Amino acid sequence: MEHTKIKTLGQLIKVGYQTKKIKDELRDNLRANIKDGKDSFPGVWGYEDSVIPELERAILSRHNINLLGLRGQAKTRLARLMVNLLDEWIPVVEGSEINDDPFLPMSRYAMEVVAEKGEDTPISWLHREDRFFEKLATPDVTVADLIGDVDPIKAANLKLSYADDRVIHFGMIPRANRCIFVINELPDLQARIQVSLFNILQEGDIQIRGFKLRLPLDLQFVFTANPEDYTNRGSIVTPLKDRIGSQILTHYPDDIETARKITEQESKLDPRQVETVYVPDLAKDLLEQISFEARESEYVDAKSGVSARTSITAFENLLSTAERRSLLNGGDHTMVRLSDFIGIIPAITGKIELVYEGEQEGADGVAGILIDDAVKTLFPNYFPKINKLERKDEETVYDELLHWFFQGEGIELMDDFTDEEYKRALDSIPALNQLIKDHQPEYPEQDVYFLKELLLWGLVSYKKLNKQRFTDGYEFKDLYSSFLKGI
């Protein structure tokens, strides 16, 4: 029978419905997915050989789970995707506050209804999308919030004494019975509140204000936490850690290709941006490389981490920078330039925690350094490597280009250049065109101008040219021209 047609406990019994614990639901459906080769955690990239196998083992073991990792590592996303492993519908006693199983009623209300009506007990159906509860652990969370407390208003309205268990107002955890319950940032929960979870995790029951009340709750707990040395606000108390079945370490993407998938999937772009702004693949790689550089930077606090949201918001800002320029110039289409990366700095500065040396440089200064470091890292993938130490008078493939800058005034790339002005400025350097022809002859024509600009920025990062930022653009000049002119 269809779920909507089953309205009573008797009908459930007639169709042979078998009730299951939530951890058995998760386990059985995961087993089926693994057998069928179905991805249980779609849209999560980079964890295929690390986090996801461990998570699947924990679910098969019916464990409560702690996802431990730095910010922006998809911990909450993984927890939310576990909902897809639940049965689509489960029956509950109609009107129950705590999703009572009609076959195993726990609350006084449900037991009285089943005792009175028997097989005529009315039931309702709970969809799996409604079986996910989430609580952010903050220092002000109380035991009453999570477990429950005596409700004096209910006692007054029902004219009951405080000794009657019907005056109890259940907290979030009992109301999440037969559901997945996620507590984010577990170390931020006060130690005395963590202690209140001991019985729930080990024995599966709760106590409220001394009532002789045993509720064998059926819950799948998922906790998320940053490494303990990250926060000064607290840690997970040892007995609680001992009661959590599996602790799984998350991590950042290991390569640019994976990072790009995440950024492109999570970026919230206006369709008009996608249509009007062309983004070269190299620009996407460079954007991801900035986050990789930040995670290794001496200016950035490694314990804090650099969230995947850094690349996501930076990508959104990058397209918006190009879009704004196109709108100002009255154009319909444009392409991302390397000089547009000035627009991603606000997205970086709010996402990174600086150490003392970084504070000395300033957040904007560190963001600029990270962009330059990313350029320097990718540069050898496209052009001959520049050695740190070179013999005197040794010829290099860049000599003609450097000589052009030495002989001339350099070039300016203004932020508001039209696409035609931008291309004309870069095309005005014959040696630049020759280097592209010699070393990247097959490079896509529509991406060539970004590559030309990368070449200039790369020579700056290797201290072969000088780059100066003005209010409304960049100027590239010979490294020593300002000294020779006495400026």
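**Ground rules.** I worked from a predicted model, where local features need pLDDT of at least 70, side-chain atom pairs count only at pLDDT 80 or more, and totals for chains, interfaces and linings use all residues. Residues are numbered from 1 along each chain as its sequence is written, and side-chain values use heavy atoms, with hydrogens and water left out.

**Salt bridges.** I counted a side-chain nitrogen of Lys or Arg within 4 Å of a carboxyl oxygen of Asp or Glu. The count came to 18 salt bridges.

I looked up R260 next. Its side chain meets that of E264 in a salt bridge, 3.6 Å from N to O. (Helices are DSSP runs of H or I, at least four residues; strands are runs of E, at least two; both are numbered from the N terminus.) R260 is buried at 17% relative accessibility, while E264 is partly exposed at 40%. (Buried is under 20% relative accessible area, exposed over 50%, partly exposed in between, with a 1.4 Å probe and protein chains only.)

R260 also pairs with D281, at 3.2 Å from N to O. This pair links distant parts of the chain, helix α14 and helix α12, 21 residues apart. D281 is partly exposed at 42%.

Then I checked D415 and R469, which meet at 2.6 Å, N to O. D415 lies in the loop between β12 and α20 and R469 in strand β13, so the pair ties together parts 54 residues apart in sequence.

**Network.** Shared partners join R260, E264, D281, K284 and D285 into one salt-bridge network.
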